[in-house]
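Have the view open and follow along.

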Amino acid sequence: SKNEAIKLVETKYGITVTKIEELNGYDDRNFKLETDTTSNNVNIKEIWPYGYVLKIINSDDSKNLKLIEAQNCLMLHLYKHRFNVPVPVLNREGNLYSLEQLASCPEMFYAVKLLTFVPGVLLNDSKPSVELYKNVGTYMANVNIALESFQHEAYNNYNSLWALENVVQVRKYYYAVDDNQQLALVEQHISKFEELVVPVIPTLEKGMIHGDFNEHNLLTEGDQIWALLDFGDAHYSPYLFEVAICICYMLIHSKDICYGREIINGYTKRRKLTENEERLVKICVCARLAQSLVLGLHSYKIYKTKYVLSSHQVGWDILRKLTECDELELKKLWQLNYIYN
């Protein structure tokens, strides 16, 4: 509850909350806080003027404390490289998170952390444009480059249902798709990924990726990208998957498959794609769409959270359009340079 969140912040962080608002979240609970200008936490030298976000991590992810520590380190790494990202705040004990039992669910432990709130306009609320999506691509490449110098042992054995390399696991959740035509469309793209991408994953160039470059995790200033949010899906993975995930969500945002070209053009200003990556990018985009649509329906069946279905109809429409667009047509549309056989 909001009252419980306020008590947590005041007890653990020594900050007085003046206003609280719950934000949308997929499986964690996030509270936007405005606070007094003073604190009785010696680890907070100065109150952040834009407020904070209290993040209560879901019980499953709260069991992996090394990963939570790694995510904090990753945010601090990017902050030191001059990216606008949320920064974890030290609590009174001098830690960047704590395990808490909540009155609403006393039998479970939840990892709790406080992050600085980054103000700005969500890309979701920005008008689609060529320049915007080019800048998204270039920003994404810059993040990947900055993370080349980042390492944490927690990412050595990272495994998530949302990782694109695990896309075949969504078959376990096909029960959530009631429409047989939609299910057949999903299986078509999962099978293609399994056949053509999974065998070559060991050969793809890899590094630390954000893992969820979507319209709700980017803040904009006009057509410029101002900040990056939510590092819960960051992991060591092929760079191709970062690009494909981003294209998937930007196509949903724009409702137009043409804009994949701008993401790729922006990205390749800073990081080139190999011929093989170009050849596989559409398969990976379609697989991510299928993965997102199935897991969204699964999540809705469990939590009844309408937020997770906010862009579903557009997602199905984009997946159909990409399916109908043959390889040569898409190669021209996205200005890909690989040799077509």
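## A histidine and its neighbours

The side chains of His298 and Tyr175 make a polar contact at 2.7 Å (N or O atoms within 3.5 Å; within protein, one must be able to donate a hydrogen and the other to accept it, and residues adjacent in sequence count only if both atoms are side-chain atoms). His298 sits in helix 7, residues 275–303 (helices are DSSP runs of H or I with at least four residues, strands are runs of E with at least two, and both are numbered from the N terminus). His298 is buried, at 16% relative accessible area (buried is under 20%, exposed over 50%, partly exposed in between, with a 1.4 Å probe and protein chains only). Leaving aside residues up to four places away in sequence, His298 touches Tyr173, Tyr175 and Ala176 (contact means heavy atoms within 4.5 Å).

A word on the source: this is a predicted model, where local features need pLDDT of at least 70, side-chain atom pairs count only at pLDDT 80 or more, and totals for chains, interfaces and linings use all residues. Residues are numbered from 1 along each chain as its sequence is written, and side-chain values use heavy atoms, with hydrogens and water left out.

## An open sheet

Which order do the strands of the open sheet follow? The 3 strands run 6-8-9 with antiparallel pairing (two strands pair if DSSP finds at least two bridges between them). Strand 6 (121–122) and strand 9 (224–228) are the edges, each pairing on one side only. Strand 8, residues 218–221, is joined to strand 9 by 4 bridges, and Leu219 has Ala227 in strand 9 as its bridge partner. Helix 3 (residues 130–146) packs on the sheet, touching strand 8 and strand 9.

## Charged pairs

The count comes to 14 salt bridges (a side-chain nitrogen of Lys or Arg within 4 Å of a carboxyl oxygen of Asp or Glu). Glu93 and Lys12 form one at 3.4 Å, N to O. Glu93 lies in the loop between helix 2 (65–80) and strand 4 (98–102), and Lys12 in helix 1 (residues 2–13), so this pair ties together parts 81 residues apart in sequence. Lys12, Glu93 and Glu100 are linked in a salt-bridge network.

Asp212 and Arg288 meet in another salt bridge, at 3.9 Å, N to O, and both residues are buried.

For Cys248, the nearest cysteine sulfur is that of Cys286, 9.0 Å away. Cys248 is buried, at 0% relative accessible area.

Conventions. A disulfide is a pair of cysteine sulfur atoms within 2.5 Å. Axes are lines fitted to C-alpha atoms, for helices over the stretch in contact, and angles run from 0 to 180 degrees between N-to-C directions.
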